[in-house]
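We'll walk through it piece by piece, starting with some ground rules.

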Amino acid sequence: MEKYVCIVCGYIYDPAEGDNDSGVAPGTKFQDIDEDWVCPLCGVPKSDFEKVEE
């Protein structure tokens, strides 16, 4: 699955891990996260993330 990086702080959303603190279960694709989700480190919106090119 594709990972996404916060362009502000560098946090990487890994769908294999999810974001348990925000209620996002492991295995959740970035596209399937609620639009009001924010970066768990710096609080910017989902729109400030870009796909990680591997």
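Two residues are in contact when they have heavy atoms within 4.5 Å of each other. One thing to keep in mind is that this is a predicted model, so local features need pLDDT of at least 70 and side-chain atom pairs count only at pLDDT 80 or more, while totals for chains, interfaces and linings use all residues. Residues are numbered from 1 along each chain as its sequence is written, and side-chain values use heavy atoms, with hydrogens and water left out.

Let's begin with the sheet. Helices (H or I, at least four residues) and strands (E, at least two) are DSSP runs, numbered from the N terminus. Here 3 strands make an open, antiparallel sheet in the order β2-β1-β3. That leaves β2 and β3 at the edges with a single partner strand each, so one side of each has no neighbour in the sheet. Two strands count as paired if DSSP finds at least two bridges between them; β1 (residues 4-6) and β2 are joined by 2 bridges. In one of these pairings, Tyr-4 has Tyr-13 of β2 as its bridge partner.

Now look at Asp-19, in the loop between β2 (12-13) and β3 (49-51). Setting aside neighbours within four places in sequence, Asp-19 touches Tyr-11, Tyr-13, Val-24, Trp-37 and Pro-40. Buried means under 20% relative accessible area and exposed over 50%, with partly exposed in between (1.4 Å probe, protein chains only). For charges, Lys and Arg count as positive and Asp and Glu as negative, while His and the chain ends are not counted. A salt bridge is a side-chain nitrogen of Lys or Arg within 4 Å of a carboxyl oxygen of Asp or Glu. Asp-19 is buried but has no salt bridge, and the nearest side chain of opposite charge, Lys-46, is 12 Å away.

What does the side chain of Asp-19 make a polar contact with? A polar contact is a pair of N or O atoms within 3.5 Å; within protein, one must be able to donate a hydrogen and the other to accept it, and residues adjacent in sequence count only if both atoms are side-chain atoms. The side chain of Ser-22 is one such partner, at 2.8 Å, and the side chain of Trp-37 is another, at 3.0 Å.

So where are the salt bridges? By the rule above, the count comes to 3. Lys-51 pairs with Glu-2, with the closest N and O atoms 3.2 Å apart. Lys-51 is in strand β3 and Glu-2 in the segment before β1, so this pair ties together parts that are 49 residues apart in sequence. Asp-14 and Lys-3 meet at 3.9 Å, N to O. Lys-46 has a salt bridge too, with Glu-35 at 3.3 Å. Lys-46 is buried, at 8% relative accessible area, whereas Glu-35 is exposed, at 64%.

Finally, check the cysteines. A disulfide is a pair of cysteine sulfur atoms within 2.5 Å, and a search of the whole structure finds 0 of them. Cys-6 is buried at 3% relative accessible area, and Cys-39 is buried at 2%.
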